[in-house]
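Let's walk through this one together, starting with a single residue and then widening the view. Keep the viewer open and click along as we go.

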Amino acid sequence: MSERTSNRIFDIVNITFVALFVLFCLAPFLHTIAISFSSNRAITSGEVRLLPREFNWDAYVKVFSDQSMIYSLGYTVVLTIVTTVLCMVFTIAAGYPLTKKKLKGRKLFMYVIIITMFFSGGIIPEYLLIRDLHMLNTVWSLILPGLVSPFNLIILISFFNSIPESLEESAEIDGSSHFYTLLKIILPLSMPVMATLALFYAVGRWNGFQDSLMYINEPQLYPLQLKLFQMVQNNMVSELTQMEGANRTRLPAESLKAATVVFATVPILLVYPWLQRYFVSGAMLGAVKG
């Protein structure tokens with residue numbers, strides 16, 4: 001067998017494997033979308049697979065007519081943006097100084113950061129801390145505890161270390177301060193890893209609900225994922241399925257749950273195409289020390 005034929009067979013096997021893997025990953029989401037657009041009869045009879053059966057959008061009409069869901073969506077968008085910006089600011093502020101070999105205690109700081117990746121105080125001590133800081137039922141309980149991710153910080157430090165020191169030395173010779181060097185030289189060169197880490201922080205905040213489940217009791221502070229969690233776990237569909245008149249047909253809970261899942265997932269998916277060109281290079285470059 002020639003090398004060309006061998007390479008072609010290898011490519012075909014790889015493409016087939018990747019295609020099947022992508023299909024397996026997409027199948028649950030496609031099934032959820034199909035349920036959200038299917039009729040009551042098709043859902044209850046189990047006919048829905050990857051494509052909608054007896055197409056209708058009654059579930060989405062009910063979801064979008066619920067004002068609390070729309071408010072929660074807007075609130076979660078603002079919360080995600082604010083959290084991402086603050087996380088990036090503090091991660092950069094912590095990461096850049098730790099790349100300086102002249103920083104006293106630099107290794108100790110790195111050891112402390114790495115330890116937090118493997119050990120934590122636990123859920124109960126964290127709750128007691130948030131309570132004693134009077135942050136229960138406040139938006140700060142959803143932002144401050146996860147302000148800096150040790151994993152993301154190490155990726156950023158590794159990327160900063162891969163930037164040639166000669167660039168900073170040239171800037172210092174020209175009289176540039178550390179802050180100006182960071183702002184005008186380091187950060188523009190770090191856009192791939194910056195976009196990648198921002199995406200990590202944004203997705204983590206958008207999908208997070210455990211912290212809000214523990215710290216938030218006020219309905220106006222519920223993130224979208226917490227409302228979805230309550231709907232799935234507690235079957236909270238009475239608000240969305242309330243109809244006028246006794247002869248109206250109620251929508252099945254599965255249809256409303258599926259529509260709400262799609263409603264909560266699509267906004268964050270729309271962010272990926274804008275950051276796709278940075279994502280792979282940022283993750284790979286940040287993982288390699290120069």
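Is Glu-54 buried, partly exposed or exposed? Its relative accessibility is 41%, so Glu-54 counts as partly exposed, since that class covers what lies between under 20% for buried and over 50% for exposed. Keep in mind that what you're looking at is a predicted model. Glu-54 sits in the loop between α2 (40–44) and α3 (58–65). Its backbone is worth a click too: phi is near 55°, a positive value in a residue other than glycine.

There's another residue of that kind further along. His-134 is not a glycine either, yet it has a positive phi of about 60°. You'll find His-134 in the loop between α6 (123–132) and α7 (150–162). With a relative accessible area of 68%, His-134 is over the 50% cut-off and therefore exposed.

Now zoom out. Of the 290 residues in the chain, 37% are buried. If you take the contacts between residues at least 6 apart in sequence, 70% of them join residues at least 24 apart.

A nonpolar patch with about 1100 Å² of accessible area together is formed by residues including Phe-17, Phe-21, Phe-24, Leu-30, Leu-50 and Leu-51. Take Phe-24, which lies in helix α1 (residues 3–36). Its relative accessibility is 60%, so Phe-24 counts as exposed.

Next, a loop with a leucine in it. Leu-103 is placed between α4 (67–95) and α5 (106–118). At 31% relative accessibility, Leu-103 counts as partly exposed. Leaving aside neighbours within four places in sequence, Leu-103 touches Pro-97, Leu-98 and Phe-109.

Finally, look at how two helices meet. The axes of α9 (residues 178–189) and α10 (residues 191–207) come within 5 Å and cross at roughly 75°. That angle falls in the 65 to 115 degree range, so α9 and α10 are roughly perpendicular to each other. On the α9 side the contact is made by Leu-187, Pro-188 and Leu-189, while α10 brings in Met-191, Pro-192 and Met-194.

Technical notes:
Residues numbered from 1 in each chain as written. Predicted model: local features only at pLDDT ≥ 70, side-chain atom pairs only at ≥ 80, totals over all residues. Heavy atoms only, no water. Helix = DSSP H or I, 4+ residues; strand = E, 2+ residues; numbered from the N terminus. Buried < 20%, exposed > 50% of the residue type's maximum accessible area, 1.4 Å probe, protein only. Contact = heavy atoms within 4.5 Å. Patch = residues over 30% accessible without salt bridge, like charges linked within 9 Å, V, L, I, M, F, W, Y side chains within 5 Å. Areas by Shrake-Rupley, 256 points an atom, 1.4 Å probe, with all protein chains shown as cover. Salt bridge = Lys/Arg side-chain N within 4 Å of Asp/Glu carboxyl O. Axes fitted to C-alpha atoms, helices over the stretch in contact; angles between N-to-C directions. Parallel < 35°, antiparallel > 145°, perpendicular 65-115°, else oblique.
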